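Open the model in your viewer and keep the selection tool at hand. Each stop gives you something to select and then says what is there.

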Amino acid sequence: MKSFHVLACALALAASAFVPATAADTSVQAALPGDSVYHLDVPLTDQNGKALRFPGSRGKPVVASMFYSSCQFVCPLIIDTLKKTERARPDSGRAGFEVLLVSIDPDRDTPEALARVAAKHHVVDPRWHLARAEKNDVRRIAAVLGVQYKPLDDGEFSHSSALILLDAQGRIVARSDKLGEADPKFIAALSRTVAAKP
């Protein structure tokens, strides 16, 4: 667990060097813990065409991952694993967290493409955000979340498939690379994080 905090702190501080502080956001950034990934503040657009910010879910735990809509194998498994993780929580606990999937393929992943994925996989709950960012911002989000990806010659991507749990202040508190089934340790961490007060 300690390594997650060390990694998150280093990445968040590195990312914050690229984010110009303004008078309006200095107090907000200063209020964040040092190891919060929300020191990176970038614009997103979700599957409904709604404008979001990367730290837009601050105040609630978030289960985050990265994917791309044309992926035929790993990414559908990521979504399925997220759904199984969600179902492992009681109905009353599902409202306590949000799901964020950020595309690594912003050139093709328009809001319309993301909406088709959401509909296909039956993840139309307003707590689910399938989002795109500009290419440079995608790299920065991947860096703070510890996700690796690389475009391939055939237009596909090689990428890691981790689920990352962020607490209400954007600190990484758990990570799971297990796909196809819910990870009991990750679910336990999610339960603790949802129960904790922001």
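Select D105. Its relative accessibility is 5%, so it counts as buried (under 20% relative accessible area; exposed is over 50%, partly exposed in between; 1.4 Å probe, protein chains only). The term means a side-chain nitrogen of Lys or Arg within 4 Å of a carboxyl oxygen of Asp or Glu. R108 is partly exposed, at 41%.

A note on the model: it is predicted, local features need pLDDT of at least 70, side-chain atom pairs count only at pLDDT 80 or more, and totals for chains, interfaces and linings use all residues. Residues are numbered from 1 along each chain as its sequence is written, and side-chain values use heavy atoms, leaving out hydrogens and water.

How many salt bridges does the structure hold? Nine. Go to D41 and R53 for another, at 2.9 Å, N to O. D41 sits in the loop between α2 (26-31) and β1 (43-46), and R53 in strand β2 (residues 51-53), so the pair ties together parts that are 12 residues apart in sequence. Helices (H or I, at least four residues) and strands (E, at least two) are DSSP runs, numbered from the N terminus. R53 is partly exposed, at 41% relative accessibility.

Next, pick R171 and D167. Their salt bridge has its closest N and O atoms 2.7 Å apart. R171 is partly exposed at 27%, while D167 is buried at 10%. Then select E86, D125 and R127: salt bridges that share partners join these into one network.

Move to helix α3, residues 74-87. Its 14 residues reach 20 Å from first C-alpha to last, close to the 20 Å expected at 1.5 Å a residue (1.5 Å times one less than the number of residues). Its buried residues are C75, I78, I79, T81, L82, K83, T85 and E86.

Zoom in on K83. It is buried yet has no salt bridge; D80, the nearest side chain of opposite charge, is 5.4 Å away. Lys and Arg count as positive, Asp and Glu as negative; His and the chain ends are not counted. Beyond four places in sequence, K83 touches H121, H122, V123 and W128 (heavy atoms within 4.5 Å).

Last stop: the largest nonpolar core, with 51 residues. Such a core is a set of buried Ala, Val, Leu, Ile, Met, Phe, Trp, Tyr and Cys residues joined through side-chain atoms within 4.5 Å. Select F54, M66, L130, I141 and L145, which touch the most other members. Leaving aside neighbours within four places in sequence, the contacts of M66 include I78, V102, I104, V138 and H159.
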